[in-house]
Amino acid sequence: MGLFMQTTVNGILIGGIFITIAVGFSISYGVMHIVDFAVGEWIMLGAFTAFWLNQYTKIDPLLLIPFIALFFALVGYLFQPIIQKVVNIKHRSAAMMALAFTFGLSTLLRGSALTLWGFNNRNLVTMLSEMNVNLFGITVPAIRAAATVFSIFVTAAFAFFLYRTKTGITIRAAAEDKTVAGLMGIDGHRISRLVYAIYVGLTAMSGVFIGSIFSVFPDMGLRYTAFAFFVVVAGGMGSFSGAIVAGLLLGLISSFVSVYVGGAYVFLILFFILYLILVFLPKGILGKGW
Amino acid sequence: MTKIMEVEDLEVVYGVIKALQGISFYIDEGEIVTIIGANGAGKSSTLRAISGMVRPSSGKVRFKNKDITNSPSHLIARQGLSHVPEGRGMLTKLTVEENLILATYNRKDHAKVKEDMEEVYKQFPRLSERKKQASGNLSGGEQQMLAIGRALMTGADTLLLDEPSMGLAPLIVKEIFEVIKRLNQAGKTILLVEQNAMTALNTAHRAYILENGAVLKSGLAADLISDPEVKAAYLGGH
């Protein structure tokens with residue numbers, strides 16, 4: 001029973017971090033209709049940025065989070081027009097080209113990181129790294145609890161932004177129909193750029209947490225790219241609430257499979273479950289996608 | 001009267017199909033002008049080319065003495081020209097209220113926005129009752145009202161209405177057209193595209209009849225109603 005509870009809590013905690021990545025990825029997909037294969041690499045770059053900044057400045061990685069989120073939001077903001085250009089090319093399979101483009105970007109970033117920093121695993125040491133907290137009678141590393149609480153807070157703020165502000169309305173409008181939004185005077189390209197910036201910022205920020213919970217290495221993003229796909233497809237394409245549920249589900253599945261079956265089987269079981277979801281709930285767990 | 005819009009030799013091509021073969025017309029400020037014609041005559045293409053939803057292959061659109069040909073649709077919308085597209089263009093996941101707020105995104109005249117919002121709810125009391133409902137759950141008539149209300153909320157003085165009667169019960173159609181007349185009396189300029197030729201001619205000041213992407217006839221709506229040729233082809237032939 002103790003192990004079961006421990007596994008459940010671990011699953012929920014890690015699911016909390018997935019939620020932030022999932023929500024950003026899902027909204028960005030919903031607005032731009034581009035699958036960003038580089039999602040894992042934004043995580044990796046966020047973690048490495050925190051690592052190197054920490055090495056040189058000795059500032060705690062957790063305190064660097066606002067800076068990293070803003071910096072990568074800026075990177076996303078500056079980079080998005082390039083992706084947009086690929087999609088706008090007058091070509092029958094422009095969407096496929098965008099897919100190939102982000103896949104290439106992912107490979108390039110991973111390869112560059114490998115060349116620059118090698119295979120070594122690095123540890124991102126934070127002020128919470130050595131601490132534990134007691135949660136419902138279960139001992140959990142403080143960094144995991146903090147990461148989850150922070151992620152949930154950020155996700156809630158993002159939800160508030162999407163559902164309670166004027167700009168949030170324009171984002172949801174652009175996600176549903178850019179042409180109609182355009183008739184209302186909304187610049188679809190500007191919205192895409194904004195959303196991509198938010199998504200890259202959120203993802204890099206999550207990278208700092210992931211890096212400090214596990215470790216930092218050039219390939220660390222790979223599994224999260226696969227996770228992001230799971231969450232978007234299982235949650236329903238472009239659905240905010242679906243992404244939250246799927247993020248939590250993902251955390252629980254990976255936690256339980258790791259403990260009771262073995263870490264090597266996480267992907268096998270995860271994608272089998274995704275297969276079942278696609279067969280029986282093709283619009284996502286909550287039936288809200290399209 | 002001053003011409004608020006002038007369209008000159010407008011041509012729209014989809015692939016190899018010429019939807020519009022160079023049509024010209026104008027709208028005076030404060031007018032209701034209607035474009036009628038059969039399915040596929042090029043009515044919707046005309047509106048789409050004006051509002052920037054499709055790029056015309058040639059021709060010119062001038063609005064308030066400015067060339068808006070080839071401008072992106074969001075910039076055209078900000079000039080005070082609002083297009084209510086065919087099929088109403090609902091953002092189904094947004095609530096009624098959010099749809100209306102969305103339309104005001106670029107407006108800075110906040111006091112006037114508030115006034116306009118009250119006016120829209122007064123014009124369409126049913127929208128006021130359904131403020132918090134997703135617009136996808138509205139009936140066809142309510143969606144049409146929302147689409148028109150939203151166009152008004154952009155602060156537009158000129159409306160392009162594409163088949164506002166489509167798929168609606170006769171009673172609702174009557175209501176919608178009364179609204180159109182009221183809006184016009186309140187100073188809005190309206191370009192109305194309709195298949196329902198009789199209702200459109202009864203509402204409009206002037207009309208253009210489109211056939212195979214070209215203007216077949218034009219004139220005062222009242223004259224066209226009694227034109228034998230128009231009667232035979234578009235008004236049920238009595």
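This is a predicted model: local features need pLDDT of at least 70, side-chain atom pairs count only at pLDDT 80 or more; totals for chains, interfaces and linings use all residues.
The lining of the largest pocket divides into 15 nonpolar, 13 polar and 5 charged residues.

**The largest pocket**

- The space in the largest pocket amounts to about 720 Å³.
- Its lining consists of 33 residues, and those nearest the centre are Lys178(A), Thr179(A), His189(A), Gly52(B) and Ser73(B).
- Elements of both chains each supply at least two residues of this lining, including helix 1 (2-32) and helix 8 (188-213) of chain A and helix 2 (73-77) of chain B.

**The cavity**

- The structure holds 1 cavity of 30 Å³ or more, and the largest cavity contains about 40 Å³ of space.
- Phe18(A), Ile21(A), Ala22(A), Tyr224(A), Phe227(A), Ala228(A), Val231(A) and Leu250(A) form the lining of the largest cavity.
- Two or more of these residues come from each of helix 1 and helix 9 (222-235) of chain A, and helix 9 of chain A gives the most, with 4 residues.
- The lining of the largest cavity comprises 8 nonpolar residues, with no polar and no charged ones.

**The sheet of chain B**

- In chain B, 4 strands make an open, antiparallel sheet in the order 2-1-4-5.
- Strand 2 (17-28) and strand 5 (66-67) of chain B are the edge strands, each pairing on one side only.
- Strand 1 (residues 3-14) of chain B is joined to the antiparallel strand 2 of chain B by 9 bridges, and Val12(B) stands opposite Leu20(B) in strand 2.
- Helix 1 (residues 43-51) of chain B lies across strand 1, strand 2 and strand 4 (58-63) of chain B, at about 110° to strand 1.

Note on methods
Residues are numbered from 1 along each chain as its sequence is written. Chains are lettered from A and ligands numbered from 1 in the order in which they are written. Side-chain values use heavy atoms; hydrogens and water are left out. Two strands pair if DSSP finds at least two bridges between them. Contact means heavy atoms within 4.5 Å. Axes are lines fitted to C-alpha atoms, for helices over the stretch in contact, and angles run from 0 to 180 degrees between N-to-C directions. On a 1 Å grid over the protein atoms alone, a cavity is a set of points where a 1.4 Å probe fits but cannot get out, and a pocket is an open set with protein on both sides within 12 Å along at least five of seven lines; lining residues have an atom within 4 Å of a point. Grid points are joined across faces, edges and corners, and a volume is the space filled by probe spheres set on the points. Ala, Val, Leu, Ile, Met, Phe, Trp, Tyr, Cys and Pro count as nonpolar, Asp, Glu, Lys and Arg as charged, and the others, Gly among them, as polar.
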